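Take a look at the model first, then read on.

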Amino acid sequence: MSTVVPISPEIAAHVLAHFGHGGYEAGTFTRHLLSAMDTADPANLARLGEAFPAYAAAVVGIKYDPEGVAFLQRLAGGGIACTNCGGSDGPFVAAGAHPLCEPCHQRQQ
């Protein structure tokens, strides 16, 4: 029997950002968690997944499912917009807890 783990738009966006496919960066703890999940062997990823099932499901999906990136982009797509211009075209970069599209981020640099 398999269990379906719901992945929120925010989790999808964090995982996409970690793997360089848009989204937006998470906070420090979650960035470290994603790094640990990304580098973990299957047994340790399963252990981390017991505590953080949605993040683990998203990491497994993006790493091993050929449709994983597109799936997470669809999940994240409804909730991501640039906090400066309102655009929904990525890629996005973090600006604190507020995502910015890449052109707006570049203008602020």
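To talk about helices packing, you need axes: these are lines fitted to C-alpha atoms, for helices over the stretch in contact, and the angles run from 0 to 180 degrees between N-to-C directions. With that in hand, helix 4 and helix 5 pack at an angle of about 135°, with their axes 7 Å apart. Keep in mind that this is a predicted model, where local features need pLDDT of at least 70, side-chain atom pairs count only at pLDDT 80 or more, and totals for chains, interfaces and linings use all residues. Residues are numbered from 1 along each chain as its sequence is written, and side-chain values use heavy atoms, with hydrogens and water left out.

**The overall layout**

- The protein chain has 6 helices and 2 strands; helices (H or I, at least four residues) and strands (E, at least two) are DSSP runs, numbered from the N terminus.
- Reading from the N terminus on, the elements go α-α-α-α-α-β-β-α.
- The chain has 109 residues, and 32% of them count as buried; buried means under 20% relative accessible area, exposed over 50%, and partly exposed in between (1.4 Å probe, protein chains only).
- Of the contacts in the chain with a separation of 6 or more, 42% come from residues 24 or more positions apart; contact means heavy atoms within 4.5 Å.

**Helix 4 meets helix 5**

- Helix 4 and helix 5 are therefore oblique to each other: angles under 35 degrees count as roughly parallel, over 145 as roughly antiparallel, 65 to 115 as roughly perpendicular and the rest as oblique.
- On the helix 4 side you'll find Ala58, Gly61 and Ile62, which meet Gly68, Val69 and Leu72 in helix 5.
- The residues of this contact of helix 4 with helix 5 split into 4 nonpolar, 2 polar and no charged; Ala, Val, Leu, Ile, Met, Phe, Trp, Tyr, Cys and Pro count as nonpolar, Asp, Glu, Lys and Arg as charged, and the others, Gly among them, as polar.

**Helix 1 meets helix 5**

- Helix 1 (residues 9-18) packs against helix 5 at an angle of about 135°, with the axes 8 Å apart.
- That makes helix 1 oblique to helix 5.
- From helix 1, Pro9, Ala12, Ala13, Val15 and Leu16 meet Val69, Leu72, Gln73, Leu75 and Ala76 in helix 5.
- Sort the residues of the contact of helix 1 with helix 5 and you get 9 nonpolar, 1 polar and no charged.

**Helix 3 meets helix 4**

- Helix 3 (residues 42-51) and helix 4 pack at an angle of about 140°, and their axes are 6 Å apart.
- That makes helix 3 oblique to helix 4.
- Leu45, Gly49, Glu50 and Ala51 of helix 3 make the contact with Pro53, Ala56 and Val60 of helix 4.
- The residues of the contact of helix 3 with helix 4 come out as 5 nonpolar, 1 polar and 1 charged.

**What's tucked inside**

- In soluble globular proteins, nonpolar side chains tend to be buried together.
- The largest nonpolar core has 20 residues, of which Ile7, Ile11, Val15, Met37, Tyr55, Ala58 and Leu72 touch the most other members; such a core is a set of buried Ala, Val, Leu, Ile, Met, Phe, Trp, Tyr and Cys residues joined through side-chain atoms within 4.5 Å.
- Helix 1, helix 2, helix 4 and helix 5 are the elements that give two or more residues to this core.
- Helix 4 gives the most to this core, with 6 residues.
- Ala58 touches Ile7, Ile11, Val15 and Leu72, not counting residues up to four places away in sequence.
- Helix 1 has Ile11, Ala12, Ala13, His14, Val15 and Leu16 buried, and its buried residues pack against helix 2 (28-39), helix 4 (53-64) and helix 5.

**Residues to click on**

- Val69 sits in helix 5 (residues 68-77) and touches Leu16, His21 and Ile62, not counting residues up to four places away in sequence.
- Val69 and Gly22 are 47 residues apart in sequence and 9.7 Å apart in space, C-alpha to C-alpha.
- His14 lies in helix 1 and is buried, with a relative accessible area of 7%.
- Leaving aside neighbours within four places in sequence, His14 is in contact with Tyr24, Glu25, Ala26, Thr30, Leu34 and Tyr55.
- Thr30 belongs to helix 2 and, at 16% relative accessibility, counts as buried.
- With neighbours within four places in sequence set aside, Thr30 is in contact with His14 and Tyr55.
- Just after helix 1, Gly20 takes a positive phi of about 75°.
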